Amino acid sequence: MNLVEQEHDAKKDHINEIVLSEDVQRAIEQVLQSSDPLDQPDFNPTDYINQLFPNEQSLSNIDEVIAKMECDISLIDDNIRSVVRGQVNTGENGRVALKEAQQSLTQLFSLITDIKSRAEKTEDAVKEITRDIKQLDSAKNNLTYAITTLNHLHMLVGGVENLKRLSERRQYGEVLNPLQAIIEVNQHFQQYSEIAQIQTLSAQVQQIQSELATQITDDFKNFFSPTSHSNANRMTLTQLKDACQVASVLDKPVKKNILKWFINLQLQEYVQLFHENQDIAWLDKIDKRYAWVKRHLLDFEEKYGTVFPPDWEVSERITVQFCTITREELAKIVARRRTEIDVKLLLFAIQKTANFEQLLDKRFNGTTLVEATSEEVRPERGSFSSLIGSCFKPYLDIYTDSIDRELTALIEQFAQANQQMVVPKEINPGILPNCADLFVFYKKCMVQCMQLSNEKPMYDLVLLFKKYLREYAAKVLEARIPKPQPPNTTTSSISSSMSLLTKDFQNLSTAAGQVIHNFLKEGETPRFSSEDMRKICYILATAEYCLETVQQLEDKLKEKIDKQYVAKVDLSDEKDVYHRIISNCIQLLVHDLDAACEQSLLLMTKIAWHSISNVGDQSGFVNQIITNLKQTVPVIRDNLANSRKYYTQFCHKFVNSFIPKYINTLYRLRPTSSGSSSASGTAALVASASSSSLSEGGASGGAASGGNILGCEQLLLDTHSLKTVLMDLPSIGSQVQRKPPASYTKVVVKGMAKAEMIIKVVMQPIHPASLYIEQYLKLMPESSVVEFHKILEMKNVRKIEQQQLVEAYKRACPQLQQQPPTSSATAGSQAVGAESGNSTQQSNEPPTSGGNSTQSQQIAAAAAAISGAGSSIMALGDSLMDKGRIKKIENLIKNRLPN
């Protein structure tokens, strides 16, 4: 029962709770601003009571709190009663206000109706007052129109008679004004054409105009006819001038026919004098045509310039007709005698014509060209350009053929001049002079062709430009790039000499001498001379200039050529040609420097690193590399001073080539010893031969000791030295030190860091195996099984241990589980295959660096054979030759091998 009562009370409280929307609550807060907690919408009674009575001691004043609340409740009740009582009369007041508003609207409507009726009465009164005024105004307008019409009729009737009389007397000066007035009045009476009298008068006016047109035309013909000079009735110039004014008022065909007859009369002499059968009509005398029209125009303007009105533009019309006749006559003559045209004659005719057209553009404004010529002949309105010269466009192939021949001769001349290319002695020689000559000729041709045509002839010229840009690249630039010499035949000579030494011990003196000779020749890798390197840089700078100028040429051609050919102008293939030349030059320089460094890397493989007893200064092969860099790089940098980006490319490509080869060389070294002397006879011989470059006391005793890693420490020192040199390579040997590009620094740091990691891995002990593999993966996280094999080979690890370490390495690298299992023999073959792959990769390089890896292996085998042969020589020395001579041979071999 208690549970039911509690639910009922809860429902009751929920029903009595007043929930206001957020908008209403915000409105209340704006109107009734209060900080009392009881007025807050989120009021919590429990929190409020806890705030009033925070502890038991505060309950002592509970009676005062209750009394204050009862007082507040009483005050709120009084306010509510006041508000409720005030709202009792609100409905009655609203009804009263509404009734008053309705009464006001009724009064306003009656006022508007009264005003409207009064306005209608006022309008009717105004109309009654102004009715008579409107009638009088209409009568006035009709009377004025009638008077004007009668005046026009009087003028028409009287003017027709007057015009007949004046035209018969040929008083054209007095005819002009009445004629203009009568023509205007006649136009006014066309709306009354149904009246018979008006029709008669209009017909008389038309007849007078026709008679005047015929009469004025006859007067013109009589005045300008050859027999008119003896005619007594010949018109004066004043009458002729007035007749022109009258003809301007008459219909347009009258003026047009007069001008056509007069212009043909003026050019009649020209047509006969320059007929196609006349010698003077040929192209070599084309300037005489233009001289004739100049003289004729001067004579015409002197005699009759004041006769014709300025708006007739008679001189310009004569000139336009002259141009039209000349174009047609030249087209017929050139078509008939095409075989007689050579490029000089064609250019002479085009140049004279273009000069004449420019003169006409300056003299006349071209207003008559619109009606005298067509768009096919005159591409630009208001201009005389190509008005005559368009007849030569079909024959401009003669010009392009001539340019083709000239360019062929020019390229051959350049090629012959470059047979003995001499680079200027200054540090930055610039570019080949004939390169600038070629583009100056291109510019001259382009400007000349623009004067002829910017359409198909210009596009044909573009094709010629493309052709000879490629020929210049092939015959002048690529043909003069120094070629590396073919590799020497040291290996074959060594093999043949070894066969002499091992098979024919009866003549040891001859065999040993041959071996010595071959070893002296070994290592002479073909190199570019300093002059060859300057030539390559010279050609590279020229190709760069050509590349930039070809881009400018392409932009200019697209700007000048006609719009329909713009999309066809594309010199990207030619730019690719010069890009290729630049790339080839950079590659040759890289290969040359690479070949020099390979000899040092070959020396590096001949050092017995496992026998080093203490770490000293950097090794001899590092000094050789630094020497080669200081000898070669400054020459290239100075000669590419204006091509910094390509010099940077050279540095990039060199380190990208050198660092992998250096790492491959590291893989071939055996810098540690495993406790038992595993060095071959070759290593022993080389160790004794290279003892001069190491500190004293580092003989075979260090090699025989177990776990010697001093060789690795020396290699680490050498690698760091190389890294430092490569970082400063762009500025090596320069007084001005520049910071190398970030991309270059990144390549050097990444590549040489790998080499350092390889050496550090080799220095680590392989026992315990798990710790070694853990260290290996930390130092070389991106390594592979093949590299792991190579590093084990560097440490002289036995094959059985290699197999165990490889399996442990694969277990530590789950991503390698998918690879097939590798036995120790297979691992060895993979390592050898990797090395042979590197050798193959090197052999794919140009001849300056190819074959050195294979050559070094064969030299090592030869050295081992020589070691065995040396013992035989020592055993037979007493019977064949004295001991001094044998000692001399051994010293020669020992001194040569490290080099």
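1. Glu313 sits in the loop that joins α11 (286-304) to α12 (314-336). Helices here are DSSP runs of H or I with at least four residues, numbered from the N terminus. Although Glu313 is not a glycine, its phi is positive, at about 50°. Glu313 has a relative accessible area of 25% and is partly exposed; buried means under 20%, exposed over 50%, and partly exposed in between, with a 1.4 Å probe and protein chains only.

2. On the source: this is a predicted model, in which local features need pLDDT of at least 70 and side-chain atom pairs count only at pLDDT 80 or more, while totals for chains, interfaces and linings use all residues. Residues are numbered from 1 along each chain as its sequence is written, and side-chain values use heavy atoms, with hydrogens and water left out.

3. Asn796 is another non-glycine residue with a positive phi, of about 60°. Its place is the loop between α30 (785-794) and α31 (799-812). The relative accessibility of Asn796 is 23%, which counts as partly exposed.

4. The peptide bond from His767 to Pro768 is cis, and its omega is near -5°. Pro768 belongs to the loop between α28 (742-763) and α29 (769-779).

5. Helix α13 (residues 343-363) and helix α15 (residues 397-417) have axes that come within 9 Å and cross at roughly 125°. Axes are lines fitted to C-alpha atoms over the stretch in contact, and angles run from 0 to 180 degrees between N-to-C directions. The two helices are therefore oblique to each other, since angles under 35 degrees count as roughly parallel, over 145 as roughly antiparallel, 65 to 115 as roughly perpendicular and the rest as oblique. The crossing of α13 and α15 is left-handed, meaning that the near helix is turned anticlockwise from the far one by less than a right angle.

6. In this pair, Val343, Leu346 and Leu347 of α13 meet Ile398, Tyr399 and Ser402 of α15, where contact means heavy atoms within 4.5 Å. The contact residues divide into 5 nonpolar, 1 polar and no charged. Ala, Val, Leu, Ile, Met, Phe, Trp, Tyr, Cys and Pro count as nonpolar, Asp, Glu, Lys and Arg as charged, and the others, Gly among them, as polar.

7. Searching the whole structure gives 0 disulfides, a disulfide being a pair of cysteine sulfur atoms within 2.5 Å. For Cys537, the closest cysteine sulfur is in Cys585, 8.2 Å away and too far for a bond. Cys585 is likewise in no disulfide. Cys537 counts as buried at 1% relative accessibility, and Cys585 counts as buried at 0%.
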